[in-house]
Amino acid sequence: MSSITEISLVLAKGLKVTIIVLFFSIIFSTLIAMIAGLSRVSKNFLLSKFTGLYVEIFRGTSLIVQLFWFSFALPGLFNIHLGSDIYVAVLAISLNYGAYMSEIVRGAIEAVPHGQTEASVALNLSTFQRMKHIIIPQAVRMMLPEYGNYLIQILKATSLVSLIGLTDLLYYGNIYRSTHLSEAPAVYILILIAYFLLALPLIGFTRKMEKVAKKGVAHG
């Protein structure tokens, strides 16, 4: 029991970093997803194509490679330093998952029946008014369940930040395991439990959003 307590105290040192990276990655990936998703359906050809290129690059390459690129390649090749490792981690995760989630936004917007758009045009609503009052509210309802699933994926992605030296849960777990090899199973079981406990609020949020989406469809 004493070893379990000791391991838990060691892992607790990395909990703050994991939560910080998770929190800011969720915020910025959501903002990026909304901007990129709206840009993909824009009538501006250059904006749409540029955003499409971003999406394909970040969906088509590994998050680990992106972490290494921002952390090591940019400073080494171009002398571009992005700041602390936390900034690098949040940037890489946000750009990666922002690209994935932008497809949810784009798909949801395009799934809104065209008849409603035509009706809003007949009512002489501006493009901004159509997006604000008709398209976006319905699209958000459709994208909520899958968005919640991606929040859990972002949590899982935070476990990779130890690869660039961030002192998160996994980092401290590996440090402890390296000097207590016989306790490795206990270390990784506790890490597993820690991530599961962090995921519980996100799982609850996802289920709630699924109910909201179904209720919206039922009333639609």
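Visitor: In this predicted model, is Arg 106 buried, partly exposed or exposed?

Guide: The model is predicted, and the relative accessible area of Arg 106 is 21%. Buried means under 20% and exposed means over 50%, with partly exposed in between. Because 21% falls in that middle range, Arg 106 is partly exposed.

Visitor: Which residue forms a salt bridge with Arg 40?

Guide: Side chains of opposite charge can pair when their charged atoms come close. Here the closest N and O atoms are 2.8 Å apart. Arg 40 lies in helix H1 and the partner in helix H4, so the pair ties together parts that are 63 residues apart in sequence. The partner is Glu 103.

Visitor: Is Glu 103 buried or exposed?

Guide: The relative accessibility of Glu 103 is 16%. The cut-off for a buried residue is under 20%, so Glu 103 counts as buried.

Visitor: Which residues are linked with Arg 40 in a network of salt bridges?

Guide: One member is Glu 103, which pairs with Arg 40. The network links Arg 40 with Glu 103, Arg 106 and Glu 110.

Visitor: How many residues does H4 give to the largest nonpolar core?

Guide: This core has 56 residues, and Val 21, Tyr 97, Met 101 and Ile 154 touch the most other members. Several helices each supply at least two residues, including helix H1, helix H4 and helix H8. H4 gives the most, with 13 residues.

Visitor: What share of contacts between residues at least 6 apart in sequence joins residues at least 24 apart?

Guide: The chain has eight helices and zero strands. One residue with contacts to other parts of the sequence is Met 101, which touches Ser 29, Thr 30 and Tyr 147, among others. For the chain, the share of such contacts that joins residues at least 24 apart is 76%.

Technical notes: Residues are numbered from 1 along each chain as its sequence is written. This is a predicted model: local features need pLDDT of at least 70, side-chain atom pairs count only at pLDDT 80 or more; totals for chains, interfaces and linings use all residues. Side-chain values use heavy atoms; hydrogens and water are left out. Helices (H or I, at least four residues) and strands (E, at least two) are DSSP runs, numbered from the N terminus. Contact means heavy atoms within 4.5 Å. A nonpolar core is a set of buried Ala, Val, Leu, Ile, Met, Phe, Trp, Tyr and Cys residues joined through side-chain atoms within 4.5 Å. Buried means under 20% relative accessible area, exposed over 50%, partly exposed in between (1.4 Å probe, protein chains only). A salt bridge is a side-chain nitrogen of Lys or Arg within 4 Å of a carboxyl oxygen of Asp or Glu. Lists of a residue's contacts leave out its neighbours within four places in sequence.
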